[in-house]
Structures are given as structure tokens and as C-alpha cells.
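User: Please take a close look at one aspect of this model, the packing. Go through the residues by name and say what each step rests on.

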Amino acid sequence: MTFTLEPDYRHLPELQEWIVKLRTYLDQELIPFEREQAITAETRVDRATLRQVWRRSRELGFYGINLPPELGGQGLAHHDLCVLKEEAAARGSSLFPNVLGDMGGPLRVGVALDAATPEQLERYFLPVVRGERACCFSLTEPEAGSDIRRMTTTARRDGDGYRLTGRKVFSSAAPFADFAIVVARHHHENETYSAFLVDFDAAGCTVLDGETPMSGQHIEGDVLLEDCFVPATNVLGPLGKGLQVGVGRINMNRLLHCPTMIGLARRALQLSLDYARGRTVFGGPMLELQAIQHHLAQMSTDLHAARALVLGTAAQADRGEPVVVEANMCKLFTAEAAFRVADLAVQIHGKTGVTRGHEVEQIFRTLRMFRIVTGTTEIHKNAIAKGLAAGAAR
């Protein structure tokens with residue numbers, strides 16, 4: 001595909017229609033709304049405001065667009081979803097994660113939909129799909145990040161249910177969610193884990209403000225469980241298969257995080273190009289300086305390579321082929337490449353680029369996080385090497 005900052009998918013007319021519709025909604029409706037309400041990436045947005053975005057996005061067909069038609073979606077392929085996720089992140093909106101359902105919505109649910117019983121679908125997940133409720137996923141603990149088997153949250157059998165005790169951290173969307181998918185270790189069983197649907201208004205469950213990440217976004221929460229009773233009907237998926245539910249979601253999330261990074265990097269590149277065109281230095285446009293041209297060339301190359309890698313892997317997933325190794329490759333390369341783009345964007349902007357509150361500075365902080373969240377660079381390298389070793393053994 002020919003490289004352009006604003007890609008053209010006219011060879012895929014249905015996808016192009018969705019792209020135009022999404023750009024129109026963001027540029028003419030959502031971004032003006034954010035400006036009117038003084039909403040930035042670091043604003044603590046209340047649930048009522050978010051619900052407006054969820055419902056409007058649902059009306060336009062974006063919210064849960066990846067879901068099958070029987071669940072109200074368009075059955076969008078992974079490739080096309082990645083294209084729309086890039087577009088959403090690239091327009092300069094602060095609330096863009098809420099448009100497709102990344103933040104507490106259908107995309108946050110992920111593979112849990114496949115594991116849910118009809119009752120769980122009706123009570124928990126369909127309201128999420130409709131933009132009426134929100135959920136979060138709680139796996140990480142203070143001493144159990146990449147090494148998830150160190151988790152200490154336990155589930156103890158009690159009559160027709162389980163008592164959960166422990167603390168989960170870095171649960172994205174927890175501040176405005178209604179329930180969480182919590183993975184816990186079975187009491188007195190070291191290697192047996194299950195996933196549970198935990199209502200946030202249940203006795204013994206408390207949602208606390210999480211630590212504010214370097215991006216400044218108020219989207220994280222801690223979930224404190226103190227002998228919290230969860231009925232057996234709220235076990236998600238087969239009993240004892242909680243890690244499969246959690247890890248299965250993580251693998252696809254690693255791929256689906258990539259277009260968001262690409263979109264943010266694309267926005268940083270666009271801002272840098274505009275700045276270099278308009279800035280006068282040494283008697284002429286900054287864009288005429290070879291050093292600046294080299295920066296922009298490197299940024300464009302990184303962006304193009306990441307986009308090609310991610311869309312190729314998404315197409316592979318659409319063909320039903322395994323992408324565990326490739327998803328880790330995508331996350332590894334894209335996180336590093338997108339951060340390089342953001343770093344050069346700051347360099348091009350100079351003092352403006354290191355001024356707190358400037359859009360480039362905020363993008364820089366956000367993209368730095370992606371080298372850690374949903375798997376560190378080192379964890380991805382481990383996974384890739386493991387996959388190569390397994391292939392060699394065959």
C-alpha cells in the first residue's frame with residue numbers, strides 16, 4: 001500500500017465508507033464537544049459524559065463494530081478493525097478510546113464473550129454491548145505483573161459460590177465500570193485459576209483510585225476484594241481455566257493495541273510536519289533544514305513499517321491462522337517504533353515539545369507507556385524466542 005499519512009482504502013469501498021464516517025464524527029462532533037466541555041486526555045471524565053459517547057457511537061454503528069451481527073455489530077474483520085482503530089487515535093480526540101469500545105466496552109470484553117453462558121451474556125455482556133454498562137479486566141497484582149502465576153488473590157469455595165480475597169491493580173476502566181472479570185487462584189490449589197464476574201456493588205468489593213500513569217489519564221483503578229462472595233453462576237468459562245481466558249485475551253489485545261499506537265504516532269508526525277512547515281528559522285521554513293527532513297523521513301519509515309506489519313498480521317488472524325508469535329512481534333516493533341516517532345516529534349518541536357499540556361508532549365508520555373503495558377519489550381522478546389524454539393523443535 002502506498003504510504004500516506006491519511007491512508008486511502010478505496011480498493012475496499014465498504015471499509016472506506018466507515019473511515020469517512022468515523023472521520024466525520026470525530027472531526028465535526030466529538031472533538032468540538034471535547035473543546036466545548038474543556039475535556040483533555042488528563043480530564044477526569046464522569047460516567048454520564050462517557051455514556052453519551054458510548055450511546056452516540058453505538059447509534060452510528062462504531063461501538064462494538066467488530067461483534068457479529070447477532071450481537072449488534074458489523075462482524076468487522078481484524079484487519080478492518082485495526083484500520084479504524086488507527087483512524088480513531090490519529091484525529092486528535094481525547095475520548096477516542098470510547099468510540100469503538102476500547103475503554104470499558106465491547107473491545108475490553110474480548111474473548112470473554114465466547115466463554116460466557118447465555119445468562120452471563122444477558123446479564124453482563126449485552127448491556128455492555130448496548131453502552132448501558134461498562135466492564136474492566138482485573139488480572140495484574142502488585143507483585144504479579146508479567147509473572148501472573150505469582151498472583152495471591154484467592155477464591156475459596158463457600159456453598160453455592162466462592163469467596164474472593166485479594167487486590168488487583170492497573171484495572172483500566174475500573175473508575176467507571178460496573179463489574180470486573182477477575183482471575184483468581186483457587187484456595188489451596190497452587191496452579192488452578194478461574195475467572196469470575198464480580199459486581200462492583202457486591203459486599204466485600206471496593207474500587208479504589210489507582211495510581212495515575214505518566215500519561216496523566218484517570219482511567220486506572222484498584223479492585224480490593226475482602227471475602228467477596230461470588231455465586232458459582234458467575235464463573236466465566238470452564239472452572240480452573242481462568243488463565244486461558246486471561247491469556248487468550250491478552251494475546252489478541254497485544255495485536256489490537258498496535259493500531260492505537262500507530263494512530264498516535266501518526267498524529268505526532270502530522271503535528272511535526274505542520275510545525276516544520278509553519279516555523280521560520282534562519283530565514284526560511286524549518287522544513288527546508290536537512291536535519292528536520294531526516295527526522296521526518298525516519299518517522300514516516302517507522303510508521304509505514306509498523307502499519308504494514310500490523311495489518312499483515314491482522315489479515316493472518318482473519319484467515320484463522322495462529323498469530324501468538326506474530327502478535328508479540330507486532331507489539332514489540334510498534335511500541336518501539338511509535339515511541340521513536342514521538343521522541344523525534346518532541347525534538348522537532350523544541351521547547352514547545354517539552355511544555356506540559358502540549359499535544360506532542362502528551363503523546364510522548366502515552367507512547368512511552370506502551371513499551372510496558374500489556375507486556376514489556378523484554379516479555380515480547382521472550383515470547384518470540386520461545387516460539388522460535390518451539391518451531392525449531394518441530
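Analyst: In helix H10, the buried residues are Val360, Glu361, Gln362, Ile363, Arg365, Thr366, Leu367 and Met369. The model is a predicted one. H10 spans residues 359–369, and because eight of its 11 residues are buried, the helix is largely enclosed by the rest of the structure.

Helix H1 (residues 13–36) packs against two other helices. With helix H3 (residues 78–90), the axes come within 10 Å and cross at roughly 20 degrees. Since an angle under 35 degrees counts as roughly parallel, H1 is roughly parallel to H3. The crossing of H1 past H3 is right-handed. On the H1 side, the contact is made by Leu15, Trp18, Ile19, Leu22, Arg23 and Leu26; H3 contributes His79, Asp80, Val83, Leu84, Glu87 and Ala88. By class, these residues are eight nonpolar, one polar and three charged.

With H2, the axis of H1 comes within 12 Å and the crossing angle is roughly 155 degrees. An angle over 145 degrees counts as roughly antiparallel, and H1 and H2 are therefore roughly antiparallel to each other. H1 passes H2 in a right-handed crossing. Here H1 uses Trp18, Lys21, Tyr25, Glu29, Leu30 and Phe33, and H2 uses Thr49, Gln52, Val53, Arg56, Ser57 and Leu60. The contact of H1 with H2 has six nonpolar, three polar and three charged residues.

Trp18 takes part in the contact with H3 and in the contact with H2. Its ring also belongs to a cluster, in which ring pairs link Trp18, Tyr25 and Phe62.

The whole structure holds seven aromatic pairs. One of them is tryptophan 18 with phenylalanine 62, an edge-to-face pair at 5.6 Å centre to centre with 65 degrees between the planes. Tryptophan 18 lies in H1 and phenylalanine 62 in the loop between H2 (47–60) and H3, so the pair ties together parts that are 44 residues apart in sequence. Both tryptophan 18 and phenylalanine 62 are buried.

Another edge-to-face pair is phenylalanine 125 with phenylalanine 179, at 5.9 Å centre to centre and 70 degrees between the planes. Phenylalanine 125 is in helix H6 (residues 118–129) and phenylalanine 179 in strand E4 (residues 179–186), so this pair ties together parts 54 residues apart in sequence. Phenylalanine 125 and phenylalanine 179 are both buried.

Conventions: Residues are numbered from 1 along each chain as its sequence is written. This is a predicted model: local features need pLDDT of at least 70, side-chain atom pairs count only at pLDDT 80 or more; totals for chains, interfaces and linings use all residues. Side-chain values use heavy atoms; hydrogens and water are left out. Axes are lines fitted to C-alpha atoms, for helices over the stretch in contact, and angles run from 0 to 180 degrees between N-to-C directions. Helices (H or I, at least four residues) and strands (E, at least two) are DSSP runs, numbered from the N terminus. Angles under 35 degrees count as roughly parallel, over 145 as roughly antiparallel, 65 to 115 as roughly perpendicular and the rest as oblique. A crossing is left-handed if the near helix is turned anticlockwise from the far one by less than a right angle, and right-handed if clockwise. Contact means heavy atoms within 4.5 Å. Ala, Val, Leu, Ile, Met, Phe, Trp, Tyr, Cys and Pro count as nonpolar, Asp, Glu, Lys and Arg as charged, and the others, Gly among them, as polar. Rings of Phe, Tyr and Trp (its six-membered ring) pair if their centres lie within 6.5 Å; planes under 30 degrees apart count as stacked, over 60 as edge-to-face and the rest as tilted. Buried means under 20% relative accessible area, exposed over 50%, partly exposed in between (1.4 Å probe, protein chains only).
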